[in-house]
Each structure stands twice: as structure tokens, then as C-alpha cells.
Amino acid sequence: MINELDRLMMLRALQLAEEGLYSTSPNPRVGCVLVRDEKIIGEGFHRKAGEAHAEIIALQAANGQARGATAYVSLEPCAHQGRTGPCAEALIKAGVSRVVFAMEDPNPLVAGNGLQMLRDAGIDISGPLMEESARQLNPGFIKRMNSGLPWVRCKLAMSLDGRTAMADGKSQWITGSAARADVQKFRARSCAIITGVDTVIHDDPKLNVRLPDIERQPLRVIVDSKLRTPPQSTIFTLGEKVILAHTQESVSENRAKEFSNANLLVCPQKNDKVDLRSLLQTLVKEQQVNEVLVEAGAKLCGGFLAAGLVDEIIVYMTSKLMGRDARPLFDISITSMAGQLALSIQDIRAVGGDWRITAIPDPEG
């Protein structure tokens, strides 16, 4: 039976899980709270892949006092041996009497096995509790486990008349400094940032995270079917090598040397361009990418949207007009009212002098 204390402690576990928002990838964000006699005796969150999971940190904090306690976990305790041992087994050895979970783990290596291990050991199981909140913490991990694709978040900035760049492609800067700082948070939580060759040519972006105390930088990926990216672009001078996704079946040795700071990735073609679905599948398979942030122009953003690959749209709208000759938000072809793509707005809020609109595709709209 779920009671008010259970809800309060699960809320705390979810708050702890969010502490790993920028660091746990490719692992899920997980928090754990241990309670005995209605008092917290230990808590923790998973900080980084390869390090102790939330349950283990909470047990260490409890310092041997976990026998008879209730464990509140934002994700089903794991039951398999990875880089760390099974958390379900650790809870059993510690003598906890009850486990309250927010949601089952979608990882096929767990998927109910952790809960069953606990039940077999005589531990009382309650849940799911606050499942929707738990799912919102790990949209990319859940989607990767269920579909083999990452959660794709498309970020754009537009004027009040829905324009994203001037006719010559230049777009710096449409929004103010507060909105640009806000984007850094979405970059930091992402496993990869994808942009297009035209954005690199016109804006010469860095696409790195510039927040304090951030250890992990996301992968940076340029979609460039014909390898038009200037080798001297700033993006190649910062951090890890950039993935340059193209469709050229063969690249001369001299041309390859020009991109010494890039990993050239040959992708299948679709309509003479990089097959975006295939690219995402490769990033999942080879890099375990959970969340992708697309920061690109109307063509590439339109390509992701038209292919049905966008899960979330973040639009920063500024109170400026750019005129009819400027470029649109998405370069997609819609020829009739029946062909409209409906969106469901999830959130609208002020960010400095601009507005941030969050929406998701709505197939029922």
C-alpha cells in the first residue's frame, strides 16, 4: 500500500536522480533513498558510467544500518553484472525489507528481473510510483532500449515572423544572451549534437558545452553528404574528434588528411543525402547515444522532421522581424491543410527577453 511517506521519499529519489542529468550517459539517471523508522538513513544518485550505482551509494551512506529499511529507487534495481555488480543483490545482502520503485528498467538485461530477484528473496515490492516523472528523466535511455533510436530534440531560434536565418544563411545572433545560455543546458544533457554543413559554413559554430563543472562533452556530428565542410572550421579545433557523416563511397588520401581532426563516417544515401535514420542507428550502436540535440538550419531540421525522427522541438522566439526573404523554421513541403504536421505545446516560458516554446509531434492532432 502506497502512503504519503512513500510519495515524499520517491520525490526525493527523483530529485537525486536529476543530479546526474549531465553526467550519467550512456547509463540512466537514477536516485535512491533508504528509510528506516520514517527517517532517511542513506541516499545517493548514479553520477557516472562505471562508477557506483545509486543503490550502492545509498547503502554506503547507511553505514550498515539498512537491515529492515525501505529502499526508494527511481528505476528498477539492476540484476546483471556490468561494470558494477547487481544492485538487487546488494539490497538483498543489506537486509532491506521493502523496495518501492518508480518504473521498471527497459534494458532487456533487467526488464523485471531485478524486481523478481527481490521478490524471490522475500522483499516486499511496491510500485510503479510516479512513473511518468521517472520516465521524463530518461527519455533517451528508454527510447534507445525500446527502439534502437535516440531521443531527438530539435533546437531552433526564430524571429516573431517565424524566420531562422537571413537569405544568405547567416543566423548569429537571433536571440539574446539568456537564451543562448539556456541552450547550454540542453547541450550538456545530450550525448550528441548534430549540425549540418551549411551551418558550419555560415556560422562556424563550436557546438561545445560552456557550463562550469561539466566534465563530459557530447559528440559533435556534422551531416555533410558531399564533404563540403571547410577543414579549417573552428569545430575541429576543440575537444574530441568530430564525426563527419557523408555519403562518398571513397575519399582520396589527401582529402582524408585534410580532416585529421575528424572521424569520417560513410552513411547510406537517401534521396542523395545522408540517411538520417541510419545515422542515428549507427550512433546508438557504436556510441550508445541516448539523447541527440539537432542544432541546424531549416533544411536539416526539416529532414529530421519529415523523416519522423523528431521527438521534441525547442524553439526560442525573439521579438524581431526578419522579413519574407529570410529562411523558414523548417524546410518541408506541405501542400494542403490535410498535410499539416500537428504539434502539442508542452511548455512556454520567458528566457531573458525571448520566449522558449517546447512542443512534441502530435499524431492525433
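The crossing of helices α3 and α4 is right-handed, a crossing being right-handed if the near helix is turned clockwise from the far one by less than a right angle, and left-handed if anticlockwise. The structure is a predicted model, in which local features need pLDDT of at least 70 and side-chain atom pairs count only at pLDDT 80 or more, whereas totals for chains, interfaces and linings use all residues. Residues are numbered from 1 along each chain as its sequence is written, and side-chain values use heavy atoms, with hydrogens and water left out. Helices (H or I, at least four residues) and strands (E, at least two) are DSSP runs, numbered from the N terminus.

Two packed helices are described by the angle between their axes and the distance between the axes. For α3 (residues 87-94) and α4 (residues 113-120), the axes come within 9 Å and cross at roughly 20°. Here axes are lines fitted to C-alpha atoms, for helices over the stretch in contact, and angles run from 0 to 180 degrees between N-to-C directions. The two helices α3 and α4 are therefore roughly parallel to each other; angles under 35 degrees count as roughly parallel, over 145 as roughly antiparallel, 65 to 115 as roughly perpendicular and the rest as oblique. On the α3 side the contact (heavy atoms within 4.5 Å) is made by Ala88, Glu89, Leu91 and Ile92, and on the α4 side by Gly114, Met117 and Leu118. By class, the contact of α3 with α4 has five nonpolar, one polar and one charged residues, where Ala, Val, Leu, Ile, Met, Phe, Trp, Tyr, Cys and Pro count as nonpolar, Asp, Glu, Lys and Arg as charged, and the others, Gly among them, as polar.

Helix α3 also packs with α2 (residues 54-62), at an angle of about 25° and with the axes 9 Å apart. Helices α2 and α3 are therefore roughly parallel to each other, and their crossing is left-handed. Glu55, Ile56 and Leu59 of α2 meet Cys87, Ala90, Leu91 and Ala94 of α3. This contact of α2 with α3 comprises six nonpolar, no polar and one charged residues by class. Leu91 takes part in the contact with α4 and in the contact with α2.

Turning to the strands, these pair within a sheet through backbone hydrogen bonds, either parallel or antiparallel. Two strands are taken as paired if DSSP finds at least two bridges between them. Strand β4 (residues 98-101) is covered on both faces, with Arg98 and Val100 buried on one side and Val99 and Phe101 buried on the other; buried means under 20% relative accessible area, exposed over 50%, and partly exposed in between (1.4 Å probe, protein chains only). Four bridges join β4 to β3 (residues 70-73) in parallel, and three join β4 to β5 (residues 124-126), also in parallel. Valine 100 is the bridge partner of tyrosine 72 and stands opposite serine 126 in β5.

An open sheet of nine strands has mixed pairing and the order β11-β10-β9-β8-β14-β6-β15-β18-β17. Its edge strands, β11 (262-266) and β17 (343-351), each pair on one side only. Neighbouring strands of this sheet are turned by 20° against each other on average, direction ignored. Within the sheet, β15 (residues 312-317) has six of its six residues buried. Glu312, Ile314 and Tyr316 lie on one side of β15, and Ile313, Val315 and Met317 on the other. Strand β15 runs parallel to β6 (residues 151-158), to which six bridges join it, with cysteine 154 partnered by isoleucine 313. The pairing of β15 with β18 (residues 354-361) is antiparallel over five bridges, and methionine 317 has tryptophan 355 as its bridge partner. Elsewhere in the sheet, five bridges join the parallel strands β8 (residues 192-196) and β9 (residues 219-223), with glycine 196 opposite valine 223. Helix α10 (residues 276-287) lies across several strands, including β6, β8 and β9, and runs at about 155° to β9.

The backbone has some further features worth a look. Most residues other than glycine have a negative phi, and most peptide bonds are trans. A cis peptide bond joins serine 25 and proline 26, with omega about 10°, and proline 26 is in the loop between α1 (4-18) and β1 (31-36). Another cis bond joins glycine 127 and proline 128, with omega about 5°; proline 128 is in the loop between β5 and α5 (131-137). Aspartate 37 has a positive phi of about 55°, and at 68% relative accessibility aspartate 37 counts as exposed. Aspartate 213 has a positive phi of about 65°, and at 77% relative accessibility aspartate 213 counts as exposed.
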